Amino acid sequence: MDSYKYLTKINSPEDLKKYKEEELINISNELREFIIDVVSNNPGHFASSLGVVELTVALHYVFNTPYDKLVWDVGHQAYGHKILTGRRDVFHTNRKLGGICGFPSIFESEYDAFGVGHSSTSISAALGMAVASCMKKEENRHVVAIIGDGAMTGGMAFEGMNNAGVQKSNLLIILNDNNMSIDPNVGALNQYLLDVTTSKTYNKVKDEVWHKLGRLKKIGPNAREFIQKTENSIKSFILKQSNLFEAMNMRYFGPINGHDVNQLVKILTDLKDIKGPKVLHVLTKKGKGLEVAEKDPTTWHAPGKFNKETGERIKPKTKETAGIKYQDVFGHTLVELAEKNKKIIGITPAMPSGSSLKIMMEAIPERAFDVGIAEQHAVTFSAGLAIDGMMPFCNIYSTFMQRAYDQVIHDVALQKLNVVFCLDRGGLVGDDGATHHGAFDLAYMRIIPNMTVAAPMDEPELRNMMYTAQLPEKGPFCIRYPRGTGITPDWRTEMKEIPVGTGRIIKEGEDLAILSIGAIGNLVKEAEDAFNTENLSIAHYDMRFVKPLDEVLLHSIFKKFNKIITLEDGVIKGGFGSAVLEFKNEHNYSAKVKRLGIPDSFIEHGTQAQLYKQCAYDAEAIINAVKEMLK
Ligand SMILES: Cc1ncc(C[n+]2csc(CCOP(=O)(O)OP(=O)(O)O)c2C)c(N)n1
């Protein structure tokens with residue numbers, strides 16, 4: 001820490017402001033070093049924060065935070081912001097149990113103006129704040145949304161801009177354009193931004209605008225009047241006709257170099273004088289400052305531990321028996337299925353690497369689509385494909401599917417379309433925390449008519465479920481599986497149909513039955529030694545489907561056992577255990593049912609194992625629950 005001459009003295013943006021502008025380059029360099037230093041040891045998001053170091057320093061230098069509001073989109077790039085706003089000393093606890101959150105959180109700091117984790121919310125939230133400021137007559141307050149070109153592909157960003165363009169509020173949108181999402185950014189907007197950035201005519205016009213803007217400082221408080229006078233001449237240029245943001249009634253400035261901290265300070269200071277909604281287009285390099293990250297920003301989006309000197313990534317130790325990641329089982333299996341079933345199409349909203357749809361994008365590119373950060377569109381696009389006879393596999397992280405709930409109900413389920421939803425990262429995901437846990441999917445999917453809801457306990461089951469889902473006339477079919485690796489080394493099993501709505505018995509027993517759904521059921525296996533030691537005869541059923549429930553199996557279970565535990569990696573309220581309780585009630589069974597799963601609260605970050613423990617459904621908690629029931 002001693003080597004950080006400046007950072008050690010910066011405990012708030014006030015401290016930062018004490019330095020001369022010339023020193024901001026050194027401060028930026030230190031901030032970058034510090035992020036590399038800490039994140040190499042304590043993994044988290046990485047390349048995105050490196051890309052906005054200068055922007056972060058400039059924003060806190062120019063704006064009067066926390067009175068002025070900085071609203072970071074997604075928030076995975078806000079490490080520099082956290083470090084400059086009093087969290088340097090606890091930054092090493094980032095994403096750890098009890099430590100600071102990997103995303104901005106209003107519960108953590110007054111400098112975190114809005115809680116984030118999901119993309120494309122910044123413009124709407126910032127506009128709300130800007131309008132509220134106007135209403136409260138706090139017109140000197142500045143509100144800044146900082147949004148990446150990836151996040152800008154999300155529908156909400158457009159909804160926000162559409163509204164902002166007709167408001168007078170003081171909103172500054174900073175478009176942090178690094179030409180990357182997690183994977184390379186996609187879509188027509190991406191193409192447009194490239195065109196704006198490279199168009200010679202356009203840049204000539206912008207240079208003139210900047211030239212005029214540069215004189216604003218000299219002409220003092222009449223800046224607004226001045227800019228209005230020049231407006232007509234500016235408008236007569238190609239701006240309005242050719243610029244998307246201008247066309248939406250927002251002043252557009254840029255593109256400018258996002259790594260020139262002094263220029264950023266100058267421009268942001270100038271922009272403070274310009275009222276109304278405006279966009280500053282900033283060009284940055286994702287991973288800036290670490291060569292390997294600059295070259296491969298997708299891998300370095302969240303690289304895990306690494307050696308900061310050599311840039312070598314350090315692989316975490318995995319259990320020897322572990323299979324491959326569930327996401328990879330999905331990716332490879334989809335290609336296998338798609339080679340035989342020519343109607344299969346793969347869809348991901350901006351997560352080709354995270355979901356492993358990339359495997360299909362490489363193998364059969366013409367039938368695999370990255371649609372941008374656009375979950376709603378991904379679902380309705382799938383509906384359109386399905387209604388015209390294709391067989392879409394729409395892969396969305398469980399938590400991001402929350403975005404597209406109406407599309408699932410209204411566009412897919414209501415029309416009974418054959419769309420397969422593969423929900424990755426179901427259950428507690430670990431260090432990404434509350435915004436990213438796939439906690440609600442079993443509950444929110446099971447209440448939708450026509451929907452089949454399945455969750456595999458292991459890799460062969462995932463394959464069988466995918467195989468089953470693509471058979472004719474299965475209707476909307478949701479398969480949810482967790483983050484992480486499975487348990488089957490020889491996972492590439494021959495696929496076979498699983499009759500929809502059937503569970504299976506894993507282990508016979510006499511004293512009590514545990515009914516599990518999904519991969520969390522493997523924790524019951526871990527508890528088995530303890531059951532044997534204590535001479536407890538515990539039956540275990542893998543129910544496989546939350547909807548339809550295997551009623552035949554349930555009748556046999558409720559007739560045999562009067563003590564039952566349900567286990568799910570999802571919210572207890574309304575989830576799998578609740579479905580079992582409904583069954584029990586409908587059929588007047590008297591068995592005592594104890595439900596294990598995520599309690600009715602938002603769960604913060606930590607390792608998956610720590611969080612299972614905290615939520616009382618790890619192996620130990622299962623053993624305790626069994627003993628408690630059998631007392
Ligand atoms: C609704 C939603 N979908 C997907 C994601 C996953 N995600 C996190 S960051 C990211 C890419 C964001 O790209 P960009 O905004 O350009 O930021 P960069 O990382 O390039 O700085 C994605 C797809 C998310 N956070 N929220």
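The model is predicted, so to speak of local features requires pLDDT of at least 70 and side-chain atom pairs count only at pLDDT 80 or more, while totals for chains, interfaces and linings use all residues. Residues are numbered from 1 along each chain as its sequence is written, and side-chain values use heavy atoms, with hydrogens and water left out.

**Overall build**

- The protein holds 28 helices and 17 strands, taken as DSSP runs numbered from the N terminus (helices: H or I, at least four residues; strands: E, at least two).
- Along the principal axes, the C-alpha atoms fill a box of roughly 85 × 60 × 50 Å.
- Of the 631 residues, 59% are buried, meaning under 20% relative accessible area with a 1.4 Å probe and protein chains only (exposed is over 50%, partly exposed in between).
- Contacts here are heavy atoms within 4.5 Å; among those between residues at least 6 apart in sequence, 77% join residues at least 24 apart.

- Five strands form an open sheet in the order 12-14-13-16-17, with mixed pairing; two strands pair if DSSP finds at least two bridges between them.
- Strand 12 (504–507) and strand 17 (592–598) stand at the edges with a single partner strand each, so one side of each has no neighbour in the sheet.
- On average, neighbouring strands of this sheet are turned by 25° against each other, direction ignored.
- Strand 16 (residues 563–571) runs parallel to strand 17, and six bridges join the two.
- In this pair, Val-571 stands opposite Ile-598 of strand 17.
- Helix 28 (residues 619–630) packs on the sheet and touches strand 13 (512–516), strand 14 (538–542), strand 16 and strand 17; its direction makes about 150° with that of strand 16.
- For such angles, axes are lines fitted to C-alpha atoms, for helices over the stretch in contact, and values run from 0 to 180 degrees between N-to-C directions.

**A look at Asp-432**

- Asp-432 sits in the loop between strand 9 (420–424) and helix 22 (441–446).
- With a relative accessible area of 19%, Asp-432 is buried.
- Leaving aside residues up to four places away in sequence, Asp-432 touches His-45, Arg-95 and Phe-103.
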